[in-house]
Amino acid sequence: MVNYARLAKDWRIWLLAVVLIFSVVGLVPIGEDPDAIDDDRDRGLTALTFGLELEGGTFVQLSPVGTTVDATGFDPENADEVEANVGEFVDVPVRVHVPEDLRVAPGEDPDGGEIEFRGEISEEDARSAVEEAGYGVEDSRIGVAQETLNDLRDSIQLRLDEQLGEGAGAEVSVRSNIFTGDDFIVVEVPGEREEDGRIVDIIRTQGEFEIRAVSDPETDEQVHITSGEGIDRGSVTPPLEDQDREGAFRVQFQLESQAAETFRDTMIEIGATDPATRPDHPPVMYFNNEEVFRGELNPTLANSIAESTWEGGGLSVTGLDRDQAQLVSVALRSGALPTPIEISSSSTISPRQGERFKTFSLLIAFLAILGVGAAIYSRYRDLRIAVPTVLVGLAEVVALLGFSAVFDFTVDLAYVAGLIAVIGTGVDDLIIIADEVQERGRVTSAEVYRKRLKRAFIIIGMAATTTIGAMIPLAYLGLGQISGFAVVTIIGVLIGVLVTRPAYGSVLRELLTEKD
Amino acid sequence: MAVWDKLAHPSDYVDDVDYSEHSSKKLIAVPLGILGLALLVLLVHFLLTGLPVSLGFEFTGGVSLQMQTDTPVDQIEQDFSNIEGVPAPDSVQAISGGAIVRYQPLDDDQMGELQDFRDDEYPDASIEMVSPAHGLSLLYQSIGAVLFAFLLMTFVVFAFFRTFVPSMAIVASAASDMIVPIGVMTLLGIDVTLGTIPAILLIIGYSIDSDILLTRNTLTGRRKKFYENVRNAMRTGVTMTTTSMAAMAVMAVSAHFFAIFILRDIGIILFFGLGMDLINTYMMNVAILRWHVLDRRGLR
């Protein structure tokens, strides 16, 4: 005898209903900012975000090649000197970094920093080079400094945006594997284009840099000064923040002697050193034929060029914000990557293949639920149990998908595997509930029912805790697919234990209790 | 409905099992024997190849292309064997509605040539590359992840039951549930891939349910009713496990025909893992629990 009135007052049923409504609303692709989605990308039937495996696209994982030694025995201010000293003992470029946590309070003497070797060199050789140069070695590791990683990320992003167009939606990010401590860079390019096979090549290929100067302000006619060949690439600094002006950045670099001569002569010739006409003849920088910077000569510099006291070719681009400075810094190196790179893995999935995977993996999940339904019916021969079981199983899937849409999880094949895991353990728990309340004889009162349901939930709680306990560390590891799988399993199990299984218990009570 | 009603469900046979007739030795011998066979398979494979299992290209490094196409496999093999600047493929394998082409690790130039060839001739093919160093690192991380999850499971189980013998029985059963399907895969010639790792982890989640049910029922129930408690837990547990096995069988078979091998492999591993769990739980664990609850108190 089903008591609908009591069912309608049950908080478990309400909770399930609310969760389901939110899930369905979350799954509908409305309320999204249409500008946030590229025009050429299909918005699809749901608000779910599919991974490259199911959507199609290219994925590249790469690591910088380098070794870093934590060293002591020098003042970080003298970085140039340290770089030169250590550089004598190795064949690869050397850089000194002072990470935030090594910076000391004012008054204390700063000591040491990270000495980074940009290229293939063993930890042993790196350490002995530092020691031979007369500095102390505290620690060493394979890998490069955080700053260099960010620089690498920006350089690669710039190359891809240049070659594929910014609309291609290429995403470059620095990731870290908590398990091994290794840092790496992930490149993701959704969709498909003819140059897909070239993405790795694009990442590896340098761009073209040029400095010109405006000779005729009326027509914006410009004269060529130097290409990337004329820049001493090793001298280009990352963005440096001005000490007296926060948020103002500069980039310093050195011209090769030939280019420095041309620069000086051109500046004088076009009148950029004459205070009256100086503002009309700014030098302009181009990267892959696009202007990245234009700015008049600094009066002091103009003066020293005019008076022939400027020597060496050291230049500084000032008054930039951080992004501009980064762009100029990358462009000055002709987009050369700061360190050599090693491609760890790459994959390209065609959108048609992805579509096939998407359709069929959902079909497979659906078939698996049908299989579960058939198995349940053949056991109980009772539609009052089989139908709610399959429906609750489906409700768990909808709730999990809705949750994933709202929190923007990426749906890939590992996700589908996790989904199947959730369906499977979910049904196991429903069977425990059904058996506990029914198999121990007829349910004669609500009190008997409550006791039995409690027994069932103790066992379910234990099993769920064990599964979640085993999955939590995996969710935190940077194992990519396996982390995604673990997260989905944990959330699915939580939704099941807290929302759908209590509601199932209430529904069965109404269906199975003989008296009130 | 008539046919349905005549079909017996596996759990219907639970009443026919009379544990009091079977000695503990006999009950434990069967699961241990199967585990021994699985270990033997792994040992033989180790002696033959130097590795206990055959590893997929994600772990060894290499290149794999998968394509759905009407082009006959012979043609595909010929096409991919004659790319300038690229060595001949390691293997070309026909799958339902297409093929998988595998290469040994390629250097950057060779990879570039292969990519160009794919863009021109087989733009629908998916192509995946893993460097040997990265593959090895993935392998170590995966082994670490499985061991880590296993240790945590052990910890949680011991924290729940706080008695050594029954907790140990659950942990031993889970270990055996994980090893046997790997033996089966090796016997079937299926590579252990990155997609296999979640499946091996899933066994923890699945196999623990019925073990916990059995252990809790027999430890908290009345001692005199030991066999009845086992029977109740078994009826539920067998239903749970066989239901999951049915779902996994459906998944493995359908994923094989749709050529989504990660899901097929997960299905195969779980199917055999759950099958092994039935044997472990209702032979080994029942025998161990009977000793723990009855024998050592001289109650049987």
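Trainee: Which residue of E4(B) does Thr348(A) stand opposite?

Mentor: Thr348(A) faces Ile127(B) there. Some ground rules: this is a predicted model, where local features need pLDDT of at least 70, side-chain atom pairs count only at pLDDT 80 or more, and totals for chains, interfaces and linings use all residues. Residues are numbered from 1 along each chain as its sequence is written, while chains are lettered from A and ligands numbered from 1 in the order in which they are written.

Trainee: What makes E17(A) and E4(B) a strand pair?

Mentor: Strands are DSSP runs of E with at least two residues, helices are runs of H or I with at least four, and both are numbered from the N terminus. Two strands pair if DSSP finds at least two bridges between them. E17(A) and E4(B), residues 126–130 of chain B, have four bridges and run antiparallel, so they meet that cut-off.

Trainee: Where does that pair sit in the sheet?

Mentor: The order is E7(A)-E8(A)-E2(A)-E17(A)-E4(B)-E1(B)-E3(B)-E2(B), an open antiparallel sheet of eight strands. E7(A) (171–176) and E2(B) (91–95) each have a single partner strand, so they stand at the edges with one side lacking a neighbour in the sheet. From one strand to the next, the twist averages 15 degrees.

Trainee: How do you know that E2(A) and E17(A) are paired?

Mentor: Count the bridges: eight join E2(A), residues 57–64, to E17(A), and the two run antiparallel. The definition asks for at least two, so this is a pair. Within it, Phe59(A) stands opposite Ser347(A). On the sheet, H6(A) (residues 146–164) packs against E2, E7 and E8 (183–190) of chain A, with its direction at about 160 degrees to that of E7(A). Such angles run from 0 to 180 degrees between N-to-C directions, with axes fitted to C-alpha atoms, for helices over the stretch in contact.

Trainee: How many residues does each chain bring to the contact between A and B?

Mentor: Chain A gives 61 and chain B gives 64. Contact here is C-beta atoms, placed from the backbone, lying within 7 Å. Elements of chain A that each supply at least two residues include H7 (199–204), E17 (341–349) and H13 (413–439). H11(A) has the largest share of chain A's side, 15 residues.

Trainee: What makes up that side of chain A by class?

Mentor: It has 31 nonpolar, 19 polar and eleven charged residues. Nonpolar covers Ala, Val, Leu, Ile, Met, Phe, Trp, Tyr, Cys and Pro, charged covers Asp, Glu, Lys and Arg, and the others, Gly among them, are polar.

Trainee: Why is Gly371(A) called buried?

Mentor: Buried needs 20 or more other C-beta atoms within 10 Å of a residue's own, exposed means 12 or fewer, and partly exposed is in between, with C-beta atoms placed from the backbone. Gly371(A) has 20, so it counts as buried. This glycine lies in H11(A), and its contacts, leaving aside neighbours within four places in sequence, are Ala246(B), Ala247(B) and Val250(B).

Trainee: What makes E5(A) mostly covered?

Mentor: Five of its five residues, 113–117, are buried. E5(A) also pairs antiparallel with E3(A) (residues 67–72) over five bridges and with E4(A) (residues 94–97) over four. Thr67(A) stands opposite Phe117(A), and Val96(A) stands opposite Ile115(A).

How values were computed
Contact = placed C-beta atoms within 7 Å.
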